[in-house]
Number of protein chains: 2
Amino acid sequence: MLATFMYGAGDVRVETVSDPTIKNPTDAIVRTVRSCICGSDLHPYHSMDASSEGSPMGHELIAVVEEVGADVTTVRAGDFVIAPFAFQDNTCVFCREGFQTSCIHGGWYGSAETGGLQADLARIPLADGSLVKVPDLNPATADDGMLASLLTLSDVYLTGYHAAHMGQVQPGKTVTVIGDGAVGLSAVLAANQLGAERIILMGRHTARTDLGVEFGATDVVAERGNDGIAKVMDLTGGEGSHIVLEAVGHMPAYEQAYGIVRPGGIISRVGVPQYEDAPVGFGSLFGKNARLAGGPAPVRAYIEAAIPQVLSGQINPGRVFDRTISLAEVPAGYQAMDDRTALKVMVTP
Amino acid sequence: MLATFMYGAGDVRVETVSDPTIKNPTDAIVRTVRSCICGSDLHPYHSMDASSEGSPMGHELIAVVEEVGADVTTVRAGDFVIAPFAFQDNTCVFCREGFQTSCIHGGWYGSAETGGLQADLARIPLADGSLVKVPDLNPATADDGMLASLLTLSDVYLTGYHAAHMGQVQPGKTVTVIGDGAVGLSAVLAANQLGAERIILMGRHTARTDLGVEFGATDVVAERGNDGIAKVMDLTGGEGSHIVLEAVGHMPAYEQAYGIVRPGGIISRVGVPQYEDAPVGFGSLFGKNARLAGGPAPVRAYIEAAIPQVLSGQINPGRVFDRTISLAEVPAGYQAMDDRTALKVMVTP
């Protein structure tokens, strides 16, 4: 089969490797219907040290089950499934508390052991917890837009949803979303679904912020840094935003976040932080009782509620995909996302 | 009258100054019944640069109203009142949202303009928002324990309560309190009031942790640093604490907090941070979806519910006071708290 590997910054290759096989009785083997490239894949694309051993890439997938291990009971060959971007048993204490990305027995795709999901086939560990069946839909006849939206439930839309959920978005609240990438736009859509009264989108790529407006943004702020902070404070009558959804992960976005969050407000981060230390003392968070939330989205906690929303057409989060390529073209897909000529790239087998 | 001033680290003086007078029609002048020394007063006691101009000290007070300005309507001369440690109008948008320490028109005691509350008399700005009447109690005949407990509603108990409230303490949760000072012990009592199933108190001063056990702590951990983290992880079956109430303010306490908080858990800080930057990235908070909350307690939001709890004897938070001195003896009171020979010092006029 074909699978994607990164050998260093800017060096992505699609290679022929042997097909995955069942290793543990809780595994499943699935055949890809659609996968995609994530904004977080661009972090190693910028910074990974060159290596003679490639890192398997990809963690977003919709697929058809080929084969299951002896202990798998919830899916079987032929089922059309969504794979959340992390695997989990969905039964441990942290899974039961709704934080499946901290599953005691779970983990991340893209290791030498587990492999990546930008591939023709994949081995899914803990399949009962890590695959969710899409009922009553044949992927061979479903339209592309529906497949695209279902694919976003593997990561990007539900990562935006996690930001909004942890930010406690509810009717009457002013929400500011920092970042007009696919996660930021997903956060706009999720905040709208949760009833936010006002959604300010901070971003300066018009094609993207236009989609943000269609997703529910009521204001767009193109300015950054102190100018961006001043603009949001002005838009909120000097009060600041009840909730800030930070979908970038770089320090300037964090600085904007605590600059615009209102006293008692919540900053919810889903952009993977490219820093470890950050201001949290009296002058940033503490003095105004601002709260900090967020982390890797426990997609598994939200996916069952989201599937019918997609199937019914209530939400159409797949609109974040603006390019579709074949698996062999994946290196060009990374380049296009890095160049910002594509917002998010979907991959067909 | 006598009032307390700090002239530099370790240099506290009680001086005779002129009595305060009404400056604005929203002011009240009050005569102290009890004031006290706060753990946060020890920060400048350690670090303040020597100055020829003294900083007025003190922000905790129960008092009798002497005189009110023309616009004051909710209290009048003779009323027995509690002064929350910050002043506020209690009507602005942030006050209405329950974050009175961010009141648009409010502020802190201890400035040259407002003065401090370790004094015989004080001017209280925005008296309608900044004084809360204690009904049906004559301070001249009330017993000392009752006065002590009412005094804690000015700051220390309700600061502990704020920690527990922002940490979302509720039945079934495991709570760890870091710090056995008066705020930490108050946080134990508040967590117990809110129904925490288990309360682990991290502290190593036996006289203090013994009071913590009386306040509801189920476990005491004397170890610090990595040993303390290991002990709490062990006590929680390797899972960590749902909620961590950080009542110290120094970096090692913050490091313990993120070391023991469980995935999806909440760290709620009320120790004033003596740092600005701290770890919040993948390796500390983000990776496990740990949340950070807390700040200066909006005591005003909680005080009306707490007064009847004190008057009925349901809670007795005044037990954190273990020494009572006169106003003239305040410098020795600072020294005793700094030496840890006193937990918290109450001051009589």
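# Exercises on a Predicted Two-Chain Model

Arg31(A) and Glu66(A) form a salt bridge in which the closest N and O atoms lie 3.1 Å apart.

## Exercise 1. A sheet in chain A

State the strand order of the open sheet of three strands in chain A, and identify its edge strands.

**Solution.** 

Step 1. Recall that strands of a sheet pair through backbone hydrogen bonds, either parallel or antiparallel.

Step 2. Read the order. In chain A it is β2-β1-β4, with antiparallel pairing.

Step 3. Find the edges. Strands β2 (11-16) and β4 (55-56) of chain A each pair on one side only, and are the edge strands.

Step 4. Examine one pairing. Strand β1 (residues 2-8) of chain A is joined to β4(A) by two bridges, and Met6(A) stands opposite Ser55(A) in β4(A).

Step 5. Helix α11 (residues 330-338) of chain A lies across β1 and β2 of chain A, and runs at about 160° to β2(A).

## Exercise 2. A sheet in chain B

Describe the open sheet of three strands in chain B and the helix that packs on it.

**Solution.** 

Step 1. The order in chain B is β2-β1-β4, and the pairing is antiparallel. The edge strands are β2 (11-16) and β4 (55-56) of chain B.

Step 2. Two bridges connect strand β1 (residues 2-8) of chain B with β4(B). Phe5(B) has Pro56(B), in β4(B), as its bridge partner.

Step 3. Helix α11 (residues 330-338) of chain B packs on this sheet and touches β1 and β2 of chain B. Its direction makes about 160° with that of β2(B).

## Exercise 3. The contact between the chains

Characterise the interface of chain B and chain A by its residues, buried area and salt bridges.

**Solution.** 

Step 1. Consider the area. About 3400 Å² is buried between the chains, and carbon and sulfur atoms give 59% of this. Glu276(B), Phe286(B) and Asn289(B) supply 21% of the area that chain B buries against chain A, more than any other three residues.

Step 2. List the polar links. There are 24 residue pairs in polar contact between chain B and chain A. Two salt bridges cross the interface; Glu97(B) forms a salt bridge with Arg262(A), with the closest N and O atoms 2.7 Å apart.

Step 3. Classify the side of chain B that touches chain A: 21 nonpolar, 14 polar and eight charged residues.

Step 4. Inspect strand pairing between chains. Strand β16 (residues 277-279) of chain A pairs with β16(B) in the antiparallel sense over three bridges. Asp277(A) stands opposite Pro279(B) in β16(B).

## Exercise 4. A backbone angle

Is the phi of Leu126(A) positive or negative?

**Solution.** 

Step 1. Most residues other than glycine have a negative phi.

Step 2. Leu126(A) is not a glycine, yet its phi is positive, about 50°. This residue is found in the loop between β9 (121-124) and α3 (127-130) of chain A.

Step 3. In chain B, Leu126(B) also has a positive phi of about 50°. Leu126(B) is placed in the loop between β9 (121-124) and α3 (127-130) of chain B.

Key
Residues are numbered from 1 along each chain as its sequence is written. Chains are lettered from A and ligands numbered from 1 in the order in which they are written. This is a predicted model: local features need pLDDT of at least 70, side-chain atom pairs count only at pLDDT 80 or more; totals for chains, interfaces and linings use all residues. Side-chain values use heavy atoms; hydrogens and water are left out. Two strands pair if DSSP finds at least two bridges between them. Helices (H or I, at least four residues) and strands (E, at least two) are DSSP runs, numbered from the N terminus. Contact means heavy atoms within 4.5 Å. Axes are lines fitted to C-alpha atoms, for helices over the stretch in contact, and angles run from 0 to 180 degrees between N-to-C directions. Buried area is the accessible area (1.4 Å probe) that two parts lose on being put together, summed over both. A salt bridge is a side-chain nitrogen of Lys or Arg within 4 Å of a carboxyl oxygen of Asp or Glu. A polar contact is a pair of N or O atoms within 3.5 Å; within protein, one must be able to donate a hydrogen and the other to accept it, and residues adjacent in sequence count only if both atoms are side-chain atoms. Ala, Val, Leu, Ile, Met, Phe, Trp, Tyr, Cys and Pro count as nonpolar, Asp, Glu, Lys and Arg as charged, and the others, Gly among them, as polar.
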